[in-house]
Structures are given as structure tokens and as C-alpha cells.
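Have the sequence and the view side by side as you read.

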Amino acid sequence: MAKKIPARARRALSVLTAGVLAAAGVVSLAGTAEAAGTLGDAAAAKGRYFGTAVAANHLGEAPYASTLDAQFDSVTPENEMKWDAVEGSRNSFTFTAADQIVSHAQSKGMKVRGHTLVWHSQLPGWVGGLGATDLRAAMNNHITQVMTHYKGKIHSWDVVNEAFQDGNSGARRSSPFQDKLGDGFIEEAFRTARTVDPTAKLCYNDYNTDGRNAKSDAVYAMAKDFKQRGVPIDCVGFQSHFNSNSPVPSDYRANLQRFADLGLDVQITELDIEGSGSAQAANYTSVVNACLAVTRCTGLTVWGVTDKYSWRSSGTPLLFDGDYNKKPAYDAVLAALGGTPDGGGDDGGGDNGGGNTGSCTATYTQTATWNGGYNGEVTVKAGSSGITTWSVPVTVPSSQQVSALWNGAPTWNAGNTVMTVKPTYNGTLAAGASTSFGFTVMTNGNTSAPAVGACTAS
Ligand code: XIL
């Protein structure tokens with residue numbers, strides 16, 4: 001049976017350009033939006049965002065962009081906002097690649113996480129060469145310039161990243177900032193950040209802090225101290241890079257909760273879990289469930305769109321494989337978020353849908369296909385009584401786009417992917433009589449068939 005079409009359509013839709021094509025009465029429609037049943041929509045229904053790290057140099061790859069655009073509602077530049085990328089030489093700023101990601105995100109209605117302002121890694125050599133006074137000025141200047149450039153466009157900033165050592169000392173990590181400015185550099189970075197963009201959530205971000213241990217205890221103590229003294233911190237990010245040596249901790253939820261109980265938001269910021277199949281899926285489920293169980297866990301970000309470009313590609317740690325197929329981990333995450341599959345092939349059986357709820361039926365056939373598109377036709381047939389109007393829901397996979405429709409009038413529920421089609425001139429059908437409407441779809445790399453729901457008549 002055809003699945004139900006979720007009514008949620010979260011993102012602002014781009015303007016539909018509609019015009020009547022000559023001769024055939026074809027309505028041409030263009031626009032983009034995301035169907036319900038995606039990670040972003042499902043998370044939004046739970047009051048969370050679902051993001052991914054993005055690399056600017058992959059945005060031109062069609063399936064990369066279409067997977068990103070269809071599934072996620074927040075992006076984190078994977079490297080493009082780091083110090084070495086934006087300020088390779090002192091006070092000379094380059095935002096080209098990061099801007100590309102931010103513009104892409106904005107054009108698709110996605111939010112942006114800023115990553116990261118002060119970090120010991122991917123730090124250009126000149127920073128380490130500065131004396132304390134200069135270093136303090138350079139750090140505050142860096143925060144100020146970068147946050148000013150993106151002011152109002154970033155929902156959360158990783159102000160300081162990875163400032164604590166691994167192991168059980170709970171000590172600070174050696175870095176130019178730590179070694180020359182002392183413990184106070186983190187507080188100073190947060191205070192500067194708040195003055196620059198008061199609307200962004202200011203986060204401390206780290207790894208191996210996902211469960212309770214000496215490192216997370218040290219971050220917790222710092223966060224608690226900041227809250228008590230009014231140092232402006234809003235959230236703690238948990239990178240959550242997991243594998244067999246560093247599995248999802250059993251006290252993950254409890255650990256998130258104790259930070260939330262300090263009056264902070266918590267975010268899963270760089271999630272990836274090495275593995276495959278049902279074991280990987282189960283681990284993802286536990287992470288999503290932990291976030292959903294903590295009211296102040298405001299969102300999750302996976303560290304990449306596809307295994308192909310993961311920084312840990314040999315561990316295949318992401319939700320889409322190297323060919324952009326959904327993995328069991330994807331289905332598990334969507335299910336944990338309460339979502340439903342979006343018509344990617346498991347929704348209609350062999351005939352892909354069609355249905356009968358009362359006095360009409362709808363049957364789908366593909367009538368033409370070519371590289372990049374196809375035509376579909378839905379035959380509407382009256383049952384044992386005559387009807388005067390009918391209505392058929394049609395959903396194409398969210399990466400596809402309906403570009404034309406004839407012999408029917410669409411009401412769009414989510415951009416050009418989820419529509420309810422009603423008759424134009426062809427509503428009245430005698431008992432057993434039929435009519436049809438047709439449409440053209442641009443596949444954008446996804447050739448799955450549309451889901452055609454049950455016909456309703458009156
Ligand atoms: C990684 C990127 O994914 C790689 O492309 C890059 O070569 C190194 O950095 N913690 C972080 C991220 O905060 O910025 C890191 O990203 C992964 C670990």
C-alpha cells in the first residue's frame with residue numbers, strides 16, 4: 001500500500017514559478033523543498049536540528065548536494081571556518097570557502113554551526129610564534145573578525161575546542177593559548193565572543209567527554225564555574241566520535257543530563273560511529289535516544305554526509321554509504337526521531353502504490369524515462385458509482401522535483417515534492433470510467449518512483 005504523506009513541511013519554500021506552457025496546458029513548476037520523512041524534518045518535529053559537516057569542495061557533486069539538501073537542516077563547515085582557513089596570515093581574512101557553505105545553507109533554509117574559533121589544531125604557525133600580549137590581541141581579534149563576518153548567521157559557535165587533555169588528569173592541554181595566557185584564555189574567549197554576536201549560542205566543544213570520566217568532569221567543573229560567575233557560556237558540544245576503542249558510553253544520557261542541569265544546552269556536534277549494519281544502527285539509535293531524552297539537547301550533527309568523504313572513511317562511520325545509499329544506520333536514526341521513510345523504494349511494493357478508499361482508484365505507471373528525468377501517469381478510475389471530483393496524493397523522493405503537471409491541478413504540501421492532485425476539467429467520471437493526469441520529474445540522481453496514495457472521491 002502507498003504510505004501516508006506526512007503533512008509537515010518545515011522549511012520555507014522557495015518561490016514557485018508557474019506558467020502555462022503553450023499548447024498542452026502544461027503547468028510548469030520549479031522550486032525546492034524538503035519532503036517530510038527526512039532527518040531534518042523528523043528532528044524538527046522533536047524540536048531539534050539534524051545537521052552534518054560539509055566540505056565546500058564537494059558542493060558541486062550533485063548527489064552530495066542533493067543528499068545534503070534533502071536530509072539535513074543544519075550544517076557545520078568541516079574545515080572552512082578554522083583559523084588556518086580564514087586567517088592564514090595575521091589580520092588577513094579569507095572567507096571564500098566558508099561563505100560558500102553559509103550561502104548554500106541559507107539558500108536552502110538550513111542553519112549553520114560555527115566551528116571553531118580557538119583551537120590548538122589547524123592553527124597557523126604565526127600564532128604560536130607570538131608573545132603573550134600579542135597572542136591575546138590576536139585571539140580576540142580573530143574571534144571578533146570571524147564572528148562579525150558571520151554575525152546573525154550562526155546558531156551556535158564552538159568558541160573553544162578541545163582545551164582539555166585526554167587521560168585521567170583532567171588537566172588542560174598544552175597549546176599556545178594555554179601555555180602563554182593560562183587557564184583564563186577560555187573565559188576571555190567566551191567574553192569576547194558574547195560582545196561580538198550576542199545572538200549566537202556560545203559552546204565549549206570536546207571529544208572523549210561523552211561519558212563520565214576525568215576529562216568530562218574537568219569540563220563540567222569549568223562549565224559550572226562559568227555559570228556561577230556569569231561567564232557567558234550557553235552550551236557544551238560533545239563530538240561523539242565513536243568506534244570499538246571508544247564506544248558509545250553507557251552513561252551517555254546521564255552525562256548529557258548533568259551538563260543540561262547546569263542550565264546549559266548540550267549538542268551532539270561531530271557524531272560518527274564506525275561499523276556497519278545493524279550493530280552500527282543500534283549505536284546510532286542509542287545516541288539519538290540519549291539526545292531525545294535530554295530536553296536541553298537541542299540538536300545533533302553527523303560529521304559528514306557520506307562515508308566516501310569521512311575523515312574516518314575506512315570505518316564507514318556515517319549514515320550514507322559511498323554511493324549515497326541510505327544505510328541501516330540512516331533508517332535507525334530516522335526511526336528513532338519518529339520519522340517515516342520518504343518513498344525511497346519501500347513504500348509501494350511492486351506496483352508502487354495506488355489505492356482505493358471509496359469510490360475511485362489511482363494507479364501509477366511510468367510512461368517515459370530519460371537521463372535526468374521521467375514522466376509519470378496516474379489513472380483515476382471511478383468505482384461502482386459515478387463521481388464528480390477526485391483527489392490523489394503524490395510524493396516524489398525529496399531529492400527529486402516535479403517540473404510539470406498536466407490534466408490535474410496540484411496543491412503543494414512540501415515544495416515540488418509532495419502534492420495533492422485534483423481534477424482540472426476531468427472531475428466527473430461515470431461509474432467505472434477513468435481519466436488520467438501526468439507529470440514530469442527531474443530525478444537529480446535519484447530514480448526511485450513516486451509514492452501514489454489512495455484516491456478519494458465525492
Ligand atoms: C577534522 C576534519 O574532519 C578533517 O577533514 C581535518 O583534516 C581534520 O579535522 N575534532 C574536530 C574537528 O573538532 O574539527 C575535526 O575535523 C575532527 C575532530
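**Notes on the model**

1. Start with Q122, which sits in the loop between β5 and α5 (125-128); helices (H or I, at least four residues) and strands (E, at least two) are DSSP runs numbered from the N terminus. The phi of Q122 is near 45°, a positive value in a residue other than glycine.

2. A word on what you're looking at: this is a predicted model, where local features need pLDDT of at least 70 and side-chain atom pairs count only at pLDDT 80 or more, while totals for chains, interfaces and linings use all residues. Residues are numbered from 1 along each chain as its sequence is written, and side-chain values use heavy atoms, with hydrogens and water left out.

3. H115 and T116 are joined by a cis peptide bond, with omega about 0°. T116 belongs to strand β5 (residues 111-118).

4. Now the ligand. Which residues come nearest to the ligand? Of the 13 around it, they are E78, K82, H115, E270 and W303 (a residue is near if one of its heavy atoms lies within 4 Å). By type, the shell splits into three nonpolar, six polar and four charged residues; here Ala, Val, Leu, Ile, Met, Phe, Trp, Tyr, Cys and Pro count as nonpolar, Asp, Glu, Lys and Arg as charged, and the others, Gly among them, as polar.

5. Next, the polar contacts (pairs of N or O atoms within 3.5 Å). The side chain of K82 has an N or O atom 2.7 Å from an oxygen atom of the ligand. Q122 turns up again: an N or O atom of its side chain is 3.2 Å from a ligand oxygen. For Q239, a polar side-chain atom lies 3.2 Å from a nitrogen atom of the ligand. On its own the ligand has 410 Å² of accessible area, and the protein covers 78% of that (Shrake-Rupley method, 1.4 Å probe).

6. On to helix packing, with axes fitted to C-alpha atoms over the stretch in contact and angles running from 0 to 180 degrees between N-to-C directions. Helix α11 (residues 277-293) and helix α12 (residues 328-336) have axes that come within 8 Å and cross at roughly 25°. They are therefore roughly parallel (angles under 35 degrees; over 145 is roughly antiparallel, 65 to 115 roughly perpendicular, and the rest oblique).

7. Helix α10 (residues 252-260) also meets α11: their axes come within 9 Å and cross at roughly 30°. That makes α10 roughly parallel to α11.

8. What about α8 (residues 184-196) and α9 (residues 214-229)? They pack at about 50°, their axes 12 Å apart, so α8 is oblique to α9.

Technical notes
A polar contact is a pair of N or O atoms within 3.5 Å; within protein, one must be able to donate a hydrogen and the other to accept it, and residues adjacent in sequence count only if both atoms are side-chain atoms.
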